[in-house]
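Please read it with the model open.

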Amino acid sequence: MSSPPSDLVLDLHYWMRLTRTLDNQLIALWKQGRGVGTTFNQRGHEAISVGAGLALDPDDVAAPLHRDLGCFLVRGMSPRRLMANQLGRATGVTGGRDGNLHGCGDLSLNLVGFISHLPQTMPVALGAAMSFSYRSEPRVALTFVGDGSSCTGVFHESLNLAAVRRAPLVVVLENNQYAYSTPLHQQMAIDRLAVRAKAHGMDSDTVDGNDVEEVHRTVKQAVDKARQGGGPTLIEAVTMRMLGHAIHDGAEYVPQTLLDDWEDRDPLRLYEEKLVSRKLVDEDYLARVEEKCREIVADAVDFAESSPWPDPNTVSDRVYAG
């Protein structure tokens with residue numbers, strides 16, 4: 001199996017490092033009481049969101065979830081806008097109407113806003129994919145879903161319709177071992193969630209969700225197949241949610257030994273070690289990238305904290321239901 005081109009390798013690393021840096025800062029601000037809403041950490045998910053996001057073309061549509069910060073970034077949503085959203089400022093993606101990644105859509109970037117209850121984003125992404133088919137447009141829709149969501153009716157209904165219509169849809173199922181506080185073995189009696197696609201006549205695959213190159217390669221193959229009329233694909237990416245469901249959740253229910261095992265498979269650290277061992281980068285390069293990401297995130301914090309609070313008179317603007 002050939003290695004990816006060097007520019008892609010560096011892109012994969014950069015976006016993972018920026019995602020980790022921004023994610024850590026969001027947690028720090030929340031703990032300092034400077035955030036407005038909650039925050040959802042994606043430590044352990046960076047390889048999935050970045051690898052999948054970079055597999056899309058600009059005209060494709062992505063519908064990320066709350067643990068897919070990397071996909072928001074690679075699709076063009078700036079750290080400034082995301083940070084301002086976390087701090088509830090008027091310059092945030094939702095104009096101060098949300099205090100986290102919920103609702104952070106921007107159709108000018110072909111990003112569909114996250115629908116809080118999972119997996120309700122799936123039929124929305126499917127609708128986008130079917131519209132591409134109706135208009136004979138060579139575009140693909142990609143969305144993410146969690147392991148717990150794969151037990152719901154909407155998950156199966158969406159897969160079934162996607163398969164029947166051969167829609168250009170790619171679903172990345174982030175198997176991170178826990179649906180909030182419920183471990184995998186208490187949710188289902190199967191080991192690999194990708195098998196659920198078979199019941200609907202859909203292609204599926206399981207990948208190491210901590211290997212960004214494997215994620216990118218597999219998603220890219222599914223995207224290319226969908227673009228060429230080959231129908232939808234479900235990709236199960238196996239990883240571990242390293243913190244609680246959200247920052248307020250201490251996740252005491254997760255065995256420490258399990259976290260220790262997955263910490264040894266940290267996707268960012270493993271990729272950096274791989275790049276150094278391949279002699280594609282050195283430690284100085286990694287340090288420069290890390291410093292650059294810190295500067296970008298520091299600028300985002302300064303921008304957000306110097307931005308105005310939303311005008312109370314606009315509270316009902318862009319609100320379509322109460």
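1. Buried here means under 20% relative accessible area, with exposed over 50% and partly exposed in between (1.4 Å probe, protein chains only). Helices (H or I, at least four residues) and strands (E, at least two) are DSSP runs, numbered from the N terminus.

2. This is a predicted model, in which local features need pLDDT of at least 70 and side-chain atom pairs count only at pLDDT 80 or more, while totals for chains, interfaces and linings use all residues. Residues are numbered from 1 along each chain as its sequence is written, and side-chain values use heavy atoms, leaving out hydrogens and water.

3. In α5 (residues 121-134), the buried residues are Thr121, Met122, Ala125, Leu126, Ala128, Ala129, Met130, Ser131 and Phe132. Their cover includes β1 (61-63), β2 (141-146), α6 (153-165) and β3 (169-175).

4. The 14 residues of α5 should span 20 Å at 1.5 Å a residue, and the end C-alpha atoms are 20 Å apart, which agrees; the expected span is 1.5 Å times one less than the number of residues. Just after α5, Ser136 has a positive phi of about 55°.

5. Helix α2 (residues 46-53) is mostly covered, with eight of its eight residues buried. Among them are Ile48, Ser49 and Ala52.

6. Helix α1 (residues 6-31) packs on α2 at an angle of about 135°, the axes being 9 Å apart. The contact (heavy atoms within 4.5 Å) is made by Leu12, Trp15, Met16, Thr19 and Arg20 of α1 with Glu46, Ala47, Val50 and Gly51 of α2.

How values were computed
Axes are lines fitted to C-alpha atoms, for helices over the stretch in contact, and angles run from 0 to 180 degrees between N-to-C directions.
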